[in-house]
Amino acid sequence: MEGFIYAGPSGLGLILSMVIAAAASYFLGCFNGAVIVSKYILRDDVRNHGSGNAGLTNFHRTFGGGLTFVVILCDVLKAVIAVLLGSWLFAWDPLLGKYFAALFCLLGHMFPCMFHFKGGKGILSGGTIALMIDWRVALVVWGGFLILVIVTRYVSLGSLWAGASFPFISWYCYPEIRIVVLAFLLGGLVVWQHRGNAQRLIHGKERKLSFHKEKEGGS
């Protein structure tokens, strides 16, 4: 029975699917691993340290340790669940559902309503989304990210590549206007969230990746 999930190309079924996918994916995105682990387990909000960002890189730089894996798990799982949910709710077009749910999941991660709309930059969740959508998309996004990070040790440079390349490889794989629009919104969000990093890269002030916990105030 598709009924509740889909009642045709338009109508109540479509509206319900969109509303449920958007709301559920957004609130899944709000489940920010870095904030939850730092604030409720370590009792020391990660947003009060380093760059002030509620993401994996700032968490690792600030706290290090095994709890970094918990942050990774949270951000990966919520993206997986959101994309699968979108695919299921959009039974007539699972790919569209994936992109649609992914957009709202990233919005929740970046602007979580329960954490004063101050979240992460979406790279880990976004990378998971790329893996869930298509191996070709993931290959371009992750391949460029890893090469740039390994060669330059700038996570932000790899992140900018990931955000900028995502819509174009999506366009190449799925030249459909709805998919392309959603892909540009997704990639644009990631690039926008890294605008400060881009400025620091240009001026040579961006910090490089370190595999050790940094001292407060360290570079």
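Asp 93, Glu 176 and Arg 178 are linked in a network of salt bridges, a salt bridge being a side-chain nitrogen of Lys or Arg within 4 Å of a carboxyl oxygen of Asp or Glu. The model is predicted, so local features need pLDDT of at least 70 and side-chain atom pairs count only at pLDDT 80 or more, while totals for chains, interfaces and linings use all residues. Residues are numbered from 1 along each chain as its sequence is written, and side-chain values use heavy atoms, with hydrogens and water left out.

By this rule, six salt bridges are counted. Side chains of opposite charge can pair when their charged atoms come close. Asp 45 pairs with Arg 47, their closest N and O atoms lying 2.7 Å apart. Asp 45 is buried at 12% relative accessible area (buried means under 20%, exposed over 50%, partly exposed in between, with a 1.4 Å probe and protein chains only), and Arg 47 is buried at 9%.

In the salt bridge between Arg 136 and Asp 134, the closest N and O atoms are 2.8 Å apart. Here Arg 136 is partly exposed at 32%, whereas Asp 134 is buried at 8%. Arg 200 and Glu 206 also form a salt bridge, at 2.8 Å from N to O; Arg 200 is partly exposed at 32% and Glu 206 is buried at 11%.
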